[in-house]
Amino acid sequence: MEQTRRRLARLRSEGLIDRITLPQAGRTRVGFPTAYGVQLASEWPELGGHRPSRTVSDPTAVRLKAGHTLTVTALAFLEDARRRGEMCQPLDWLTEVHHPIGSGEAVIPDALLYYKRGPADGDNGAMLRAFVEVDRATMGPERLGAKLPAYERLHRYIPTLPGRMPTLKEPALEAWRRRYPLFPRVLFVLDSTGPAGVETRISALHAGAGLLAPSRFLHDVPILAAPLADLLHHGPSAPLWRPVHNPDQRVPWTDSGHRQT
């Protein structure tokens, strides 16, 4: 811990990060990149092709969005991978990755998670990707369910390239295929509510899925929800995630019964 503090202090002295204090989280200090830090980090190969949020370096936005829950959720996945001998490191948790869906709109999940199954020191094992939405019960259940149409739109969004027409050799492809071999699964982490609230919010997600137009989205993309308290107690790899299209089931997020890997 002391070594981490020293490294963060050095990054701050070099103008790469800054920090804020969260008054409602035991005065926890949260670090965030400065504009200069974002500029340098965007040149790392690990972050190639990922556009940062325009507010990632804004202290007010960090205070409103980051919160303690997002940090705790990330640590739950990182520690679970370490216990299981699998691969998930701090740079495998990217916050607010921008995904355009046309008309100036975008899908910006709270986090994009990379997770490699199998032995961390081995070459085999499936690479899993997930969009993570951390819900702190600050919006009504219906608004939570309304996030699904945006992800469905991202799943089918094909950008229009000026001056270029699709051909048989180069057909038009969905924008997400430039970043991911498969569309990431969508994980809703539910916090700041009791068991009844969790059921209400999962029901809203289930209803939102039922309102989607017929498409391959629900068939191809696992969409799962779980309470943060259960993740912290049992670990994210436990069979506690509930598919929003069948909320009576409970499955591991790493194997949701879909063909996706």
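Visitor: What length does helix α1 reach from its first C-alpha to its last?
Guide: Helix α1, residues 2–13, has 12 residues and spans 16 Å, close to the 16 Å expected at 1.5 Å a residue. That expected span is 1.5 Å times one less than the number of residues. Helices here are DSSP runs of H or I with at least four residues, strands are E runs of at least two, and both are numbered from the N terminus. This is a predicted model, where local features need pLDDT of at least 70, side-chain atom pairs count only at pLDDT 80 or more, and totals for chains, interfaces and linings use all residues. Residues are numbered from 1 along each chain as its sequence is written, and side-chain values use heavy atoms, leaving out hydrogens and water.

Visitor: Switching topic: what's the strand order in the open sheet?
Guide: Its 6 strands go β3-β6-β7-β8-β9-β10, with mixed pairing; two strands pair if DSSP finds at least two bridges between them. The edge strands, β3 (93–95) and β10 (242–243), each pair on one side only.

Visitor: How do β6 and β7 pair?
Guide: Antiparallel, over 6 bridges. Leucine 112 has phenylalanine 131 in β7 as its bridge partner.

Visitor: Is threonine 73 buried or exposed?
Guide: Buried, because its relative accessible area is 0% (buried means under 20%, exposed over 50%, partly exposed in between, with a 1.4 Å probe and protein chains only). Threonine 73 sits in helix α4, residues 67–84.

Visitor: Which residues does threonine 73 touch?
Guide: Trp93, Val134, Val189 and Leu228, not counting residues up to four places away in sequence; contact means heavy atoms within 4.5 Å.
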